[in-house]
Amino acid sequence: MNVATQNLPKNTYTLTITLSAEEVKKSRDKIWNEVIANAEVEGFRKGHAPAELVKQKVNPKKVEAEIVNDIIKTYYPQAVEEHKLSPVIEPKIQFDNFDAEKDFTFSATFATRPTLTISDYKKALKELFDKKNADLKKSLKSTPDKK
């Protein structure tokens, strides 16, 4: 897995994640094994149909979507953890086209919490307090005593 980070304005990041064909193959094999294990083909018990027969009956686009979904669920959290980021929203995922035999690249754009910098607030509070005290003393001195 190869990850490139791009820092965008307003605490937004884009991670571009590139997976080798071998990593894509692992995910593809995992998903196909799940599909075959859960396939219901007429004349066979659930999960006991021959793999070639299941592959003919199943829509390959749906399987590709499951493979891409599995890749994103597996490698996106790893990339976020590797770069020590903490997203506050679900990422916007983009990819061009998927080929189970080639390298796969996708990008995830998300926002993180803003970083706050607190200045010397104690100094500002002391100045405000001193000013209020000075104003109070001044107003007390300026009011004549009524006797």
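This is a short briefing on the structure above, grouped by topic.

The model is predicted, so residues need a pLDDT of at least 70 for local features and side-chain atom pairs count only at pLDDT 80 or more, while totals for chains, interfaces and linings use all residues. Residues are numbered from 1 along each chain as its sequence is written, and side-chain values use heavy atoms, with hydrogens and water left out.

**Overall layout**

- Along the principal axes, the C-alpha atoms fill a box of roughly 110 × 35 × 20 Å.
- Of the 147 residues, 26% count as buried. Buried means under 20% relative accessible area, exposed means over 50%, and partly exposed is in between (1.4 Å probe, protein chains only).
- Take the contacts between residues at least 6 apart in sequence: 59% of them join residues at least 24 apart. A contact means heavy atoms within 4.5 Å.

**Surface and charge**

- The chain exposes about 11400 Å², and carbon and sulfur atoms supply 52% of that. Accessible areas come from the Shrake-Rupley method with a 1.4 Å probe, and for residues only the protein chains shown count as cover.
- There are 26 positive and 22 negative charges, and their mean positions sit 14 Å apart. Lys and Arg count as positive, Asp and Glu as negative, and His and the chain ends are not counted. Each charge is placed at NZ of Lys, CZ of Arg, CG of Asp or CD of Glu.

**Aromatic rings**

- The structure holds 5 aromatic pairs. Rings of Phe, Tyr and Trp (its six-membered ring) pair if their centres lie within 6.5 Å; planes under 30 degrees apart count as stacked, over 60 as edge-to-face and the rest as tilted.
- Y76 and F110 make an edge-to-face pair, at 6.1 Å centre to centre with 75° between the planes. Y76 lies in helix α3 (residues 60-82) and F110 in strand β4 (residues 104-111), so this pair ties together parts that are 34 residues apart in sequence.
- Both partners are tucked away: Y76 is buried at 11% relative accessible area, and F110 is buried at 1%.
- F95, F98, F104 and F106 form one aromatic cluster.

- Most residues other than glycine have a negative phi. K10, though not a glycine, has a positive phi of about 60°, and N11, also not a glycine, has a positive phi of about 55°.
- K10 is exposed, with a relative accessible area of 80%, while N11 is partly exposed at 25%.
- R113 is in the loop between β4 and α4 (121-142), and it is exposed at 63% relative accessible area.
- R113 and N11 are 102 residues apart along the chain, yet their C-alpha atoms are separated by 6.8 Å. Leaving aside neighbours within four places in sequence, R113 is in contact with N11, S86 and V88.

- T14 is found in strand β2 and is buried, with a relative accessible area of 9%.
- Not counting residues up to four places away in sequence, T14 touches A4, T5, Q6, L8, S107, A108 and T109.
- R28 is found in helix α1 (residues 21-38), where it counts as buried at 14% relative accessibility. Beyond its neighbours within four places in sequence, R28 is in contact with I67, A100 and E101.
- E40 is in the loop between α1 and α2 (51-57), and it counts as exposed at 66% relative accessibility.
- E40 and K57 are 17 residues apart in sequence and 9.8 Å apart in space, C-alpha to C-alpha.

Notes: Helix = DSSP H or I, 4+ residues; strand = E, 2+ residues; numbered from the N terminus.
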